Amino acid sequence: MTTDITNILGRKFPEKVFNRVLKPYKGIHNSTIAGTRVGTAYQPTYVSRKTKRFFDSVEALLDVLPLRNGMSISFHHALRNGDNIVLPIVEALASYGINNITLATTALFPVHTPLIEFIQSGVIGRIEGSVNGPLGNAISREEVKVPTILRSHGGRTRAVQEGSLPVDVTFIAASACDFIGNLTGMIGKNAFGSLGYPLETDSLYANIVVGVTDTVINEPLVHVSIPSSRVDYVLEVDKIGDPEKIASGSLGRKPSPQRLGIAETVVQVMEHSGYLNDGFNWQAGAGGMSLAASQYLKELMADKNIHGGYIFGGIATNSVKMLEEGLFTAIYDAQSFDLGAIESLHRNENHVEISIDHAYNPFNKACIALNTDFTVLGATEIDLNFNVNVNTFSNGLLNSGIGGHQDAARAKVSMIVVPVARKVPSILDSVTTVSTPGDSIDLIITDGGIALNPHPTPKRLRIEKRLRKAKLNLRTINELKEESHSIVSPISPEFTSDITTLVEYRDGTYLDVIYSITD
């Protein structure tokens with residue numbers, strides 16, 4: 001009989017799930033890791049000029065790969081809802097009779113909904129990566145039964161490097177590849193920008209690396225993201241995807257007046273926090289409130305003659321404009337979110353491609369997230385202990401992955417922006433699912449006021465004093481909860497006893513589990 005364990009957040013779950021022993025989350029300052037990074041074996045044969053490395057059909061490629069049942073394959077999601085790589089590869093593997101595959105993608109989107117068929121048929125036996133949209137809904141309703149593990153971007157990088165998420169074959173979409181096998185996302189007919197996800201993870205740690213491209217050029221690449229020395233094979237296809245569909249979901253959505261007010265408050269908090277000084281570093285985003293906050297920040301910086309260090313994170317045109325106008329020295333780009341960012345990455349030497357490992361891995365030697373001064377993040381729910389839910393709706397339905405939420409929250413000043421209420425309250429006694437632990441969140445900024453994390457630290461006490469002096473609208477989290485519930489009543493999700501999904505923290509410990517819902 002499996003023993004139950006309880007983590008520091010009070011979340012209780014079985015010690016063993018999906019044949020995996022779970023370590024309980026112990027807090028942001030109690031993360032440890034042992035061992036060394038795994039490595040990949042040398043190829044058994046010498047690669048010569050006569051070695052066939054380029055293929056123009058999936059079937060011809062699969063004929064040379066060491067396919068087996070239970071293998072692990074990975075993909076990156078730089079093309080997001082415009083991806084045209086995952087489904088054809090999985091379909092081809094199914095035609096070869098391969099089953100029980102572990103799908104180790106960085107993220108899946110609505111475009112990948114047809115994977116449900118391959119889960120039902122047994123081709124896919126496990127998912128370890130972010131799940132967004134209908135596929136997550138189907139997992140929650142047990143329309144498909146597939147063990148699923150959610151990790152943050154940095155947590156995934158750590159898992160691949162330490163060996164808890166081994167990858168047999170990675171298929172890396174690249175918008176261009178030269179005759180040698182060097183890969184990039186910056187040029188080509190379907191350029192998508194940064195190759196940050198596989199850059200220092202899958203391309204280095206997968207047993208076999210396959211570049212997948214629709215543009216092979218007969219001259220050497222100038223901007224090489226992943227060198228040919230890591231690439232075993234190249235598959236040329238008709239179209240890797242549609243970059244215009246990168247901006248899916250909340251990306252680029254025009255904010256309402258309510259959300260514009262929240263964005264303006266964010267910049268007021270930054271201004272009076274004591275940390276908005278020359279050289280400050282900013283985690284940007286491409287959602288509506290982040291775009292609005294960037295505009296307000298731009299105006300403030302120009303007015304106060306403040307010059308920033310780097311802009312970091314998922315990069316959109318608004319960040320590019322701030323760089324070009326001299327407000328920041330550099331952009332560190334792990335994922336390009338629109339065509340303006342893609343073009344800038346190619347032409348501007350101060351717009352720098354970086355890896356997700358460099359950005360977010362909690363156990364590398366200097367992850368950028370820890371050196372960032374401000375980050376602004378969204379939420380589905382927040383509770384009285386500042387725990388954040390971004391994975392499930394309040395009815396328990398799995399709808400989103402973690403993304404970089406846990407990782408970005410490790411900035412010096414981490415802020416959650418959310419309306420007090422939507423169709424349901426945003427602030428609860430306890431969140432439905434813990435995606436990011438409250439000990440990493442400093443402030444919650446709403447249309448009803450600003451709440452500081454009630455667990456004091458010297459930094460938080462300094463910020464509180466400064467915000468009170470500036471006469472900003474400080475409220476307690478309990479006051480915001482009461483306001484939230486006065487607008488709309490909370491709902492009570494109904495769960496079965498079946499665990500569908502694990503929520504892992506970036507250090508490999510576990511925050512929560514997600515049960516199937518009864519509807």
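Which loop, between which two strands, holds phenylalanine 18? Phenylalanine 18 sits in the loop between β3 (16-17) and β4 (20-21). Its phi is near 55 degrees, a positive value in a residue other than glycine.

## Before you look around

What you have here is a predicted model, in which local features need pLDDT of at least 70, side-chain atom pairs count only at pLDDT 80 or more, and totals for chains, interfaces and linings use all residues. Residues are numbered from 1 along each chain as its sequence is written, and side-chain values use heavy atoms, with hydrogens and water left out.

## The whole protein

Let's start with the overall picture. The protein has 15 helices and 31 strands; helices (H or I, at least four residues) and strands (E, at least two) are DSSP runs, numbered from the N terminus. Its radius of gyration is 23 Å, close to the 24 Å that the globule rule gives for 519 residues, so the protein is as compact as a globular protein of that length. That radius is taken over C-alpha atoms, and the globule rule is 2.2 Å times the number of residues to the power 0.38. Along the principal axes, the C-alpha atoms fill a box of roughly 70 × 60 × 40 Å.

Of the 519 residues, 60% are buried. Buried means under 20% relative accessible area, exposed means over 50%, and partly exposed is in between (1.4 Å probe, protein chains only). As for contacts (heavy atoms within 4.5 Å), take those between residues at least 6 apart in sequence: 73% of them join residues at least 24 apart.

## A ten-strand sheet

Now for an open sheet of ten strands, with mixed pairing and the order β5-β17-β15-β12-β6-β7-β9-β11-β30-β31. The edges belong to β5 (54-55) and β31 (510-517), and each has a single partner strand, so one side of each is left without a neighbour in the sheet. Two strands count as paired if DSSP finds at least two bridges between them. Strands of a sheet pair through backbone hydrogen bonds, either parallel or antiparallel.

For a parallel example, look at β9 (residues 124-128) and β11 (residues 148-150), which pair over two bridges. Glutamate 128 has isoleucine 149 in β11 as its bridge partner.

## Helix α2 and what follows

Helix α2 (residues 86-95) lies across several strands of that sheet: β6 (72-75), β7 (101-103), β9, β12 (169-174) and β17 (233-236). The helix runs at about 160 degrees to β6; here axes are lines fitted to C-alpha atoms, for helices over the stretch in contact, and angles run from 0 to 180 degrees between N-to-C directions. The buried residues of α2 are Val86, Ile89, Val90, Ala92 and Leu93. They cover an arc of only 160 degrees around the axis, which puts them on the same side of α2. The arc is that of the directions from the helix axis to the C-beta atoms.

Just after α2 comes glycine 97, with a positive phi of about 80 degrees. Asparagine 100, in the loop between α2 and β7, also has a positive phi, near 55 degrees, and is a residue other than glycine. At 44% relative accessibility, asparagine 100 counts as partly exposed.

## Helix α9

Helix α9 (residues 288-304) has 17 residues, which should span 24 Å at 1.5 Å a residue; its end C-alpha atoms are 24 Å apart, which agrees. The expected span is 1.5 Å times one less than the number of residues. Buried residues of α9 include Met289, Ala292, Leu297 and Met301.

After α9 comes asparagine 305, whose phi is positive, near 55 degrees.

Strand β19 (residues 308-315) is mostly covered, with eight of its eight residues buried. Three bridges join it in parallel to β18 (residues 282-284), and glutamine 283 has phenylalanine 312 in β19 as its bridge partner. Seven bridges join β19 to β20 (residues 328-336), again running parallel; there, isoleucine 311 is partnered with isoleucine 331 in β20.

Last stop: histidine 405, in helix α13 (residues 405-408). At 7% relative accessibility, histidine 405 counts as buried. Leaving out residues up to four places away in sequence, histidine 405 touches Leu377, Gly378, Val388, Val390, Ile416 and Thr436.
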